[in-house]
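Here is a short briefing on one protein model.

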Amino acid sequence: EAAVPLAGLLSGTEGPGRDEDGALALDLLVVLDAPQLDVEGAAVLVEALADGARLVLSGDPGVLGSAGAGRVFADVLAARACPQVVSRTPDPGPIGELVSGIGIGELNQVAAPGKEVVIVPVRDAGEAVHRTVQLVADSVPRAFSIPAADTQVITVGHGGAAGTRALNEALKQRLNPGPGRFGGFDPGDRVVHVPAPGRTVPGVVRSADVEGLHLDCDGTPVVVPQERVEAVVRHGWALSAHQAAGMRWPAAVVVLPGDAAAGLSRPWVYTAFGRGERHLSVVHGVDQALPHAVAQVPAPERTTRLRPLLEALPTPDAAS
């Protein structure tokens, strides 16, 4: 009945553990945010289930797929090899209306009397970084009483003049300046811990010692050994949309500098714009590339054999 991370369930550190045959000791498993499940993770999961156990995959098919290989959720849906229940209810309010339109290829102008959705035009990447810092540190807290710690910045990539690295550097300088004496990090820094490819865990740096970097990840203490810090910890004020998928915050600031146009697609915009619950600011420098992406740029194709393999299986009706 408890909700636990999939990695913790499979490793045995969380959840019901294994039965005497080595299978997960459960009759029903519901996987949320299933579009983030890659082929390798799905294979390990299915192999861990006992015969007769039921698996429910739940998720929004409109969001970005997994960072790892494959498109498991999309292939299962397309193959129609199991029962499907469509139950998504759009989020209320202007953000929900905007995101619902994006899901069907329409970038609509929505009424936002409470400034739930704000478009901030910018001319170049430097202005995009400046306005982003201004929004996170001043404008959003003042207008909506949402602290900077509850506002997530999302951009297209890690490199470039307004990628995650540049944005995190500017946001750290404003929100938690320091010398970065612990492998580039200071106590109070907002970070993400990536213990495995495709898995992003937000946290805050608490301290560091000979054991490593001490993080608080949503109330769970995590110690990252010194030799692993550079590989698995990043500043987390700004994330890519893939990193942010599956999580939501009270406010989101989506940064679209001019050089982001080539990285935009409908699933990217749908995912990024849907991360804010109460407020969405769009730092907009891509002009007509944004409506073009929503209307005409689907998710990039991925080569996969899973769909034809599933389609070749006998359906429950045929098997009976």
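Contact here means heavy atoms within 4.5 Å. On that basis, the buried residues of helix 4 pack against strand 3 (117-121), helix 9 (266-273), strand 12 (276-284) and helix 10 (289-296). The model is predicted.

**Domains**
- The domain assignment gives domain 1 as 6-89 + 300-312 and domain 2 as 94-286.
- The C-alpha centres of domain 1 and domain 2 are 27 Å apart.
- Across the boundary, 12 residues of domain 1 are in contact with 13 residues of domain 2.

**Helix 4**
- Helix 4 spans residues 93-103.
- Its buried residues are P94, I95, G96, L98, V99, G101 and I102.
- Among the packing partners of these buried residues are two helices, helix 9 and helix 10.

**Helix 5 and helix 6**
- Helix 5 covers residues 125-144, and helix 6 covers residues 164-175.
- Their axes come within 10 Å and cross at roughly 40 degrees.
- Helix 5 is therefore oblique to helix 6.
- The crossing of helix 5 past helix 6 is right-handed.
- Helix 5 contributes V129, T132, V133, V136, A137 and D138 to the contact.
- Helix 6 contributes L167, A170, L171, R174 and L175.
- By class, the residues of this contact between helix 5 and helix 6 are eight nonpolar, one polar and two charged.

**Helix 9 and helix 10**
- The axes of helix 9 and helix 10 come within 7 Å and cross at roughly 110 degrees.
- Angles of 65 to 115 degrees count as roughly perpendicular, so helix 9 is roughly perpendicular to helix 10.
- From helix 9, R266, V269 and F273 take part in the contact.
- They meet L290, A293, V294 and A295 of helix 10.
- The residues of this contact between helix 9 and helix 10 comprise six nonpolar, no polar and one charged.

**Loop residue A69**
- A69 lies in the loop between strand 2 (54-57) and helix 3 (72-79).
- Is A69 buried or exposed? A69 is exposed, because its relative accessible area is 56% and the cut-off for exposed is over 50%.
- A69 touches D38, V39 and R302, leaving aside residues up to four places away in sequence.
- A69 and L37 are 32 residues apart along the chain, with their C-alpha atoms separated by 9.1 Å.

Terms used. Residues numbered from 1 in each chain as written. Predicted model: local features only at pLDDT ≥ 70, side-chain atom pairs only at ≥ 80, totals over all residues. Heavy atoms only, no water. Buried < 20%, exposed > 50% of the residue type's maximum accessible area, 1.4 Å probe, protein only. Helix = DSSP H or I, 4+ residues; strand = E, 2+ residues; numbered from the N terminus. Axes fitted to C-alpha atoms, helices over the stretch in contact; angles between N-to-C directions. Parallel < 35°, antiparallel > 145°, perpendicular 65-115°, else oblique. Left-handed = near helix turned anticlockwise from the far one by under 90°. Nonpolar A, V, L, I, M, F, W, Y, C, P; charged D, E, K, R; others polar. Domains from an automatic or database assignment.
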